[in-house]
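Colleague: Could you walk me through this model, one piece at a time? I would like to follow along on the screen.
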Amino acid sequence: ASATLYRHLGFSVTKLGGTSSLLTVSNLQLLLTDPPQAEDKALLLTGSRDLPSDIDGLLVRPLSPDLDIEYREVTHSNGVVRAEALVIRSPDWQRTKSAFERLGIMEAKAREDIYPGLRLSFFQAGTPDRSLILELVAPLEPPGVDVPDLPAKLWGVTWQVRDDLSAARGAMILPATLSPSRKAVQPGRQIATLKDAGSTGMAMAFITPSPRLTPS
């Protein structure tokens, strides 16, 4: 996705040289390019063990050492402080769940009562101080034998902000806007989705902090 576009959404983006830039929050980094590359979205992972080339079709790439930099706090004018979740869509939740769990990424919770016909499940990834939720969205019923065997795909990201979404609304450059706030699945929180932003590469939502993390 384009670094310029993300700047227009109120993110601070660090130039790496050449055509690459890095968007950094406490638990996630996005590698951005100008102009955007046509390559499919991939997870950039670190680790000493051998990494698979994909997780149920979701592309995986080793993070280049020159990008594996120590986290330094970055202030974003849209109020974003961390990534709440990466949203992954799959035609077969059992298949994708098994692929995650083979890597030690275990399902923490599942819901079948939020959207008719869909199963939402949540996996805890990352380290204790830089944790990240992987949210898997898939049909409740397994696909039929006549349905194409499609891979899992990285579909979207939910950003957690520090306030009531006012900073995000004020930081965005038109035509990008946020939808009206609505109650989130998580109790006591509000969420809004990004609209008219062009090709960000992913669907985006912005969510208020947990009430227990909000100063009284």
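Colleague: Which residue in strand 9 does Ala110 stand opposite?
Modeller: Ala110 stands opposite Ser121 in strand 9, and please keep in mind while you look that this is a predicted model. The two strands concerned, strand 8 and strand 9, pair in the antiparallel sense over four bridges.

Colleague: And what lies between strand 8 and strand 9 in their hairpin?
Modeller: The hairpin of strand 8 and strand 9 has six residues between the strands, and in this hairpin Gly117 takes a positive phi near 80 degrees.

Colleague: What about the other neighbour, how many bridges link strand 9 and strand 10?
Modeller: Strand 9 and strand 10 pair over ten bridges, again in the antiparallel sense, and the hairpin that joins strand 9 to strand 10 runs through two residues. If you return to Ser121, you will find Leu136 of strand 10 standing opposite this residue.

Colleague: Changing topic, how much space is in the second largest pocket?
Modeller: The second largest pocket holds about 1100 Å³ of space. Its lining is made up of 42 residues, and those closest to the centre are Glu84, Phe122, Glu135, Gln186 and Ile207.

Colleague: Now the open sheet, in what order do its three strands come?
Modeller: The order is 1-2-3 with antiparallel pairing, and the edge strands, each pairing on one side only, are strand 1 (13–17) and strand 3 (28–33). From one strand to the next, the twist averages 30 degrees. Strand 2, residues 20–25, is paired with strand 3 over six bridges, and Leu23 stands opposite Leu30 in strand 3.

Colleague: Finally, what does the whole chain look like, in helices, strands and burial?
Modeller: The chain has three helices and 15 strands, and 40% of its 216 residues count as buried. Among contacts in the chain with a separation of 6 or more, 57% are between residues 24 or more positions apart.

Note on methods. Residues are numbered from 1 along each chain as its sequence is written. This is a predicted model: local features need pLDDT of at least 70, side-chain atom pairs count only at pLDDT 80 or more; totals for chains, interfaces and linings use all residues. Side-chain values use heavy atoms; hydrogens and water are left out. On a 1 Å grid over the protein atoms alone, a cavity is a set of points where a 1.4 Å probe fits but cannot get out, and a pocket is an open set with protein on both sides within 12 Å along at least five of seven lines; lining residues have an atom within 4 Å of a point. Grid points are joined across faces, edges and corners, and a volume is the space filled by probe spheres set on the points. Two strands pair if DSSP finds at least two bridges between them. Axes are lines fitted to C-alpha atoms, for helices over the stretch in contact, and angles run from 0 to 180 degrees between N-to-C directions. Buried means under 20% relative accessible area, exposed over 50%, partly exposed in between (1.4 Å probe, protein chains only). Contact means heavy atoms within 4.5 Å.
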